[in-house]
Amino acid sequence: SLYCVDWSRTSRLIASGSNDKMIKLLVCQDYEETDHHELLEMVLEGHQAIVRTLCFNPVNDLVLLSGGISI
């Protein structure tokens, strides 16, 4: 199950958190600059519980905050 999604302010990164304890990042290319349209996916592992919330830092897209809760 998908619990949270955030889109970076530069519209280049999409992050999602889910019940598999992973964060998935999609790197979006600028479709106006290239004819090659491909989404690059990265997986961040290491959470001990479901990722219930995440957000990009509004000033720096390279900073992603996340949180989860274990019951």
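**Close-up views of a predicted all-strand model**

Of the 71 residues of the protein chain, 27% count as buried (buried means under 20% relative accessible area, exposed over 50% and partly exposed in between, with a 1.4 Å probe and protein chains only). This is a predicted model, in which local features need pLDDT of at least 70 and side-chain atom pairs count only at pLDDT 80 or more, while totals for chains, interfaces and linings use all residues. Residues are numbered from 1 along each chain as its sequence is written, and side-chain values use heavy atoms, with hydrogens and water left out.

**View 1. Strands of the protein chain.** The protein chain has six strands and zero helices (DSSP runs numbered from the N terminus: helices are H or I of at least four residues, strands are E of at least two). Along the sequence the pattern reads β-β-β-β-β-β. Among contacts with a separation of 6 or more, 33% join residues 24 or more positions apart (contact means heavy atoms within 4.5 Å).

**View 2. The four-stranded open sheet.** Four strands form an open sheet in the order β1-β2-β3-β4, with antiparallel pairing (two strands pair if DSSP finds at least two bridges between them). β1 (2-7) and β4 (40-44) are at the edges with a single partner strand each, so one side of each has no neighbour in the sheet. From one strand to the next the twist averages 20° (axes are lines fitted to C-alpha atoms, for helices over the stretch in contact, and angles run from 0 to 180 degrees between N-to-C directions).

**View 3. The β2-β3 hairpin.** Five bridges link β2 and β3 in the antiparallel sense. The two strands form a hairpin with four residues between them, and K21 in the turn has a positive phi of about 70°. L13 stands opposite V27 in β3.

**View 4. The β3-β4 pairing.** Strand β3 (residues 23-27) pairs with β4 in the antiparallel sense over five bridges. Within β4, V43 is the bridge partner of K24, and M42 is the bridge partner of L25.

**View 5. Surroundings of V27.** V27 lies in strand β3 and counts as partly exposed, at 24% relative accessibility. Residues up to four places away in sequence aside, V27 touches R12, L13, E38, L39, L40 and M42. E38 is 11 residues from V27 along the chain, and their C-alpha atoms are separated by 8.8 Å.

**View 6. Surroundings of S16.** S16 is found in strand β2 (residues 13-18). This residue counts as buried, at 17% relative accessibility. Apart from neighbours within four places in sequence, the contacts of S16 are L2, C4, V5, M22, I23, K24 and L54.

**View 7. The largest nonpolar core.** Eight residues make up the largest nonpolar core: C4, L13, A15, I23, L25, V51, L54 and F56 (a nonpolar core is a set of buried Ala, Val, Leu, Ile, Met, Phe, Trp, Tyr and Cys residues joined through side-chain atoms within 4.5 Å). Two or more residues come from each of β2, β3 and β5 (50-56). β5 gives the largest share, three residues. Not counting residues up to four places away in sequence, V51 touches Y3, C4, G17, S18, K21, M22, I23, S66 and G67.

**View 8. The ring of Y3.** R52 lies over the face of Y3, at 4.9 Å from the ring centre (a charge sits over a ring if NZ of Lys or CZ of Arg is within 6 Å of the ring centre and within 35 degrees of the ring normal).
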